[in-house]
2 protein chains.
Amino acid sequence: MSSWLSKPIKGVLLDITGVLYEAGEGAGTVIPGSVEALDRLKEAGIPVRLVTNETFSTRKVLVEKLHHHNFSICETDIFSPVPAVISVLKEQGLIPHLLVHPEIECEFSEVLTGHPTCVVIGDADEVFSFSNMNKAFKLLMSLEKPRLFALGYGKYYKLKGELQLDVGAFASALEFACDIKSEVVGKPSPQFFAAALSDMGVSAAEAVMVGDDIVSDVGGAQKCGMRGVLVRTGKYIPACENHPTVKPHFIANNLSEAVDLIIQAYKKG
Amino acid sequence: MSSWLSKPIKGVLLDITGVLYEAGEGAGTVIPGSVEALDRLKEAGIPVRLVTNETFSTRKVLVEKLHHHNFSICETDIFSPVPAVISVLKEQGLIPHLLVHPEIECEFSEVLTGHPTCVVIGDADEVFSFSNMNKAFKLLMSLEKPRLFALGYGKYYKLKGELQLDVGAFASALEFACDIKSEVVGKPSPQFFAAALSDMGVSAAEAVMVGDDIVSDVGGAQKCGMRGVLVRTGKYIPACENHPTVKPHFIANNLSEAVDLIIQAYKKG
């Protein structure tokens, strides 16, 4: 058995887009074998949580999309940055200026109570216009203590077969202009992974994270003490296998292959 | 006499926007006293060159704007990143994908000879859409050796009284996503300042740079061995006076005040 499988596995974290399905028109396309792989994990009795930085839609819409593809998932299995950032904003009494996808603005209604005191940036796609970037920039420059919360910090994702700039790039632009650093909520933030692990009652050393993002998924999980498995689906490109700093514990062709190995190790463990 | 004036001054470099005039509708607004200040420098016989990162318009259009305001300037007095980057592209046989203002695309006609092998990013304002950023990103990701030439690297500039994100922010976004570094052509690149100094036949130690950008103008000039004077016009904000790393040799209320001191020192020197 490969050395990454020699330690016990008691829980699994999965990225969604690029691992369960490929993003595309409407609900996208299932990655062959992923529906059955998730079922096998559940049948084997291995706790599973989904950790996503996707903030194009509400968790409710995301679950509907997953159900459409026949994934056995409920909303509470999904950890996404929006509930996480809202609890930070409430704790600290902050009012956000939103640079996020219009679909999820409604989720912030309870914290939009007055003049903004910070900026929240998420997946926004076409909303990342010069004008909207400038509005966020000017607000940050007007604040005595500018704070920028980034819902994830990815470099790029894949949509309809094409790479697309992700939120980390636009957060970096604001960081540079304002001489600040983002506070990342979502992967690869250790607190974010910790919340999902804690929900399963599993320690980082007992968990495996499977994702298509070499930095946020694999590198982020490894920094927390988890094992990180990269899949050759989603935004994967061959250059990921020679990443200068992140070395995955294993590179699987897809979720199905990774799950077969995890289940074998779980049964022996 | 202040200590920054004790060494001889044999040449002066000036930034244009925010020092000679404020950007705005049409030709913008002259900064009071700047036309006369430039005339006094010339009457005193002090060599002057203008070093700008502005790439919203061709040098020809920039000179027309300056003449409209009665500045005594000719095109060869102006050092701008466009001719500088074109000579780099020609030397190295590179073909650019342009992420620049449409006004200056025509200047690149002689190097647009086939499939792009690098990206050139300049002041682009509304052209910095998600779609255009993505096109540049995807091209960079498709190149074996991705190269990004940035025409300047400013954080922000001032337009119609409002701060606006500058090219450095959007270059940073692409750098982050592609894991590369920009090659900056224009301020604060030492080669760029050196070309203007060499044209005057003046060494860095004998020259003063006057600008409204604490990092690109003042910090950049100081790194080359020049004295750097900040003006309280243009994009200046009070926070510049407490910049964590750049300490100007002098902070003048405007170009006119800086020029009076420079001329006094020149006459005594």
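This is a predicted model: local features need pLDDT of at least 70, side-chain atom pairs count only at pLDDT 80 or more; totals for chains, interfaces and linings use all residues.

Student: Where is K160(A)?

Tutor: Phi of K160(A) is near 50°, positive in a residue other than glycine. Most residues other than glycine have a negative phi. As for its place, K160(A) sits in the loop between β9 (156-159) and β10 (162-165) of chain A.

Student: Is N70(A) buried or exposed?

Tutor: N70(A) is in the loop between α2 (59-68) and β5 (78-79) of chain A, and has a positive phi of about 75° without being a glycine. A residue counts as buried if 20 or more other C-beta atoms lie within 10 Å of its own, exposed if 12 or fewer, and partly exposed in between, with C-beta atoms placed from the backbone. N70(A) has 12 other C-beta atoms within 10 Å, so it is exposed.

Student: Which element supplies the largest share of the side of chain B that touches chain A?

Tutor: Count two residues as in contact if their C-beta atoms, placed from the backbone, lie within 7 Å; then 23 residues of chain B contact 23 residues of chain A. On the chain B side, α5 (130-142), β10 (162-165) and α6 (167-178) each supply at least two residues. The largest share, seven residues, comes from α6(B).

Student: How does α5(A) lie relative to α6(B)?

Tutor: Axes are lines fitted to C-alpha atoms, for helices over the stretch in contact, and angles run from 0 to 180 degrees between N-to-C directions. α5(A) and α6(B) pack at about 140°, with their axes 7 Å apart. Angles under 35 degrees count as roughly parallel, over 145 as roughly antiparallel, 65 to 115 as roughly perpendicular and the rest as oblique. That makes α5(A) oblique to α6(B).

Student: Which residues of α4(A) are buried?

Tutor: Helix α4 of chain A covers residues 130-142. Its buried residues pack against β6 (96-99), β7 (118-121), β8 (148-151) and α5 (167-178) of chain A, together with β10 of chain B. The buried ones are M133(A), N134(A), A136(A), F137(A), L139(A) and L140(A).

Student: How many nonpolar residues are in the contact of α4(A) with α5(A)?

Tutor: α4(A) and α5(A) pack at about 40° with axes 10 Å apart. The contact uses M133(A), A136(A), F137(A), L140(A) and M141(A) of α4(A), and F170(A), A173(A), L174(A), A177(A) and C178(A) of α5(A). Ala, Val, Leu, Ile, Met, Phe, Trp, Tyr, Cys and Pro count as nonpolar, Asp, Glu, Lys and Arg as charged, and the others, Gly among them, as polar. By class, there are no polar and no charged residues, and the nonpolar count is ten.

Student: Last one: what is omega for the bond joining K187(B) and P188(B)?

Tutor: P188(B) lies in the loop between β11 (183-185) and α7 (190-200) of chain B. Most peptide bonds are trans. The bond joining K187(B) and P188(B) is cis, and its omega is about 5°.

Key
Residues are numbered from 1 along each chain as its sequence is written. Chains are lettered from A and ligands numbered from 1 in the order in which they are written. Helices (H or I, at least four residues) and strands (E, at least two) are DSSP runs, numbered from the N terminus. The expected span of a helix is 1.5 Å times one less than its number of residues.
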